[in-house]
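Please keep the sequence and the model in view while reading.

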Amino acid sequence: MKKKKAGTMELRFYEVPQNEYVLALLGDSWIRDYGHDETGHHFHNLMEIGYCRSGGGELVLDEKGMPYQPAMVSVIPANYPHVTISNTEEGPSFWEYLFLDPAQIIAEMYPENELYQRELLEKINSKPLFIHEWENRNLALIIRMIMEEMRAKRLHYVDSVKGLLFALITEILRMNEREDIRVEPEGNARKNAGVSQIGAALEYVKAEYMHMIRVEELAKACHMSETHFRRLFEGCMNMSPVDYINLVRIQKACDLMKKTNDSMDIVAQKVGFSTTSTFNRNFKKFLNTSPYQWKINPENYEHKLLNYHISARKGW
C-alpha cells in the first residue's frame, strides 16, 4: 500500500445544517480511493465520526498508521491531524461520516452546569478512538442509527437524532476513560506535532471568536512566548494568527447570514469584527465577494468557504 509522505496539512471547515445537530456525509459518493489525491494530513473544525462500510487500508493519526477493515469506527476530535488511505489493491473504500459539535450537544445535556460542560468537553476531545464494531457494539449501533435517521429523514428525525447524540456522547465519554482503547502516536509524537502544539490556540479561537482576541492570549494558552508562538503558528498554518481568527469569523458570519435576517452591521459585531468595513474587507479577502452578494445568492459562494483549505506545513 502506498505510504503517505509527510508534507502539507489542510484545515477543512464544515458546518452543521440549520436546525439540525449533525452534518451527515452519506451514500455512494463516498466510495472512493482515499488519500491518494492528497498531499498530506488534514484536520477539521468539527468532530468527525466515521464508519467503514467496505474496503481496507490505513487510518493515519499524526504519523501512526492503523489498518482498517469493514465495520470499523473512528471518532476524531476537532483539530486532530489525520488521513485515510485506502489500499488500492483491494479497490475503493466506502466510509460514511458524521460531523458534529460536541460542545453544542453537551450544553443541551447539562444546560445548568457550565463547569461540568467544560469538564466533559475536555474529556471527549482528549483523544481519538479507532475500534472495530465488536469492541463496542453500542457505540457502532448508535452511529449507524444516526446515519440511517439522517439518510431517511423521516418524520421527527431531528428529535430522534438529538436523543441518539446524547447516547453517543455518553458512550464516547465512557470509552475515553478506558486506558485500553487509548489511541496515541508512539513516543508522545502528538505532543510534539506542529498543529498539536497550537491546538489550545485553535480551541481558544473557536470559543472566543466573537470577542477581541490578542495574539498574546493565544500564546499564553499554548504556554509559549508570543514570538515563538507566532513563528510556530505560521510555520504550521501558512497564515498568521490574525488571519486565522478572521477566517473563523467569516465562517461564522456565513452561518449567521443564512440563519438570520440580521443587518451586516449586526453580523459583523456578533462575529467579533470591530467595524463593518473590516468585516467587508475580510469577507472579500476569503470569498472574493461582498457579504451582500453572498447573502443574495449564498449557494454560489458558500462552497468557497467550506472548501477553503489552509495549506499548512507539518511541524515534524
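## Basis of the report

The model is predicted: local features need pLDDT of at least 70, side-chain atom pairs count only at pLDDT 80 or more, and totals for chains, interfaces and linings use all residues. Residues are numbered from 1 along each chain as its sequence is written, and side-chain values use heavy atoms, leaving out hydrogens and water.

## Helix H3

Helices (H or I, at least four residues) and strands (E, at least two) are DSSP runs, numbered from the N terminus. Helix H3 has 16 residues and reaches 22 Å from its first C-alpha to its last. This is close to the 22 Å expected at 1.5 Å a residue, where the expected span is 1.5 Å times one less than the number of residues. After H3 comes Lys 153, with a positive phi near 50°.

Buried means under 20% relative accessible area (1.4 Å probe, protein chains only). Among the buried residues of H3 are Leu 139, Ile 143 and Met 150. The buried residues of H3 pack against several elements, including strand S5 (47-54) and helix H4 (157-176).

## Asn 136

Asn 136 lies in the loop between strand S11 (129-132) and helix H3 (137-152). A side-chain oxygen of Asn 136 lies 3.2 Å from the backbone nitrogen of Asn 138, capping the N-terminal end of H3.

Asn 136 is buried because its relative accessible area is 8%. Leaving aside residues up to four places away in sequence, Asn 136 touches Ile 131, Glu 171 and Met 175 (contact means heavy atoms within 4.5 Å).

## Gly 40

Gly 40 belongs to strand S4 (residues 40-44). With a relative accessible area of 4%, Gly 40 is buried. Gly 40 and Pro 81 are 41 residues apart in sequence, and their C-alpha atoms are 9.4 Å apart in space.

Definitions and conventions
Buried means under 20% relative accessible area, exposed over 50%, partly exposed in between (1.4 Å probe, protein chains only). A polar contact is a pair of N or O atoms within 3.5 Å; within protein, one must be able to donate a hydrogen and the other to accept it, and residues adjacent in sequence count only if both atoms are side-chain atoms.
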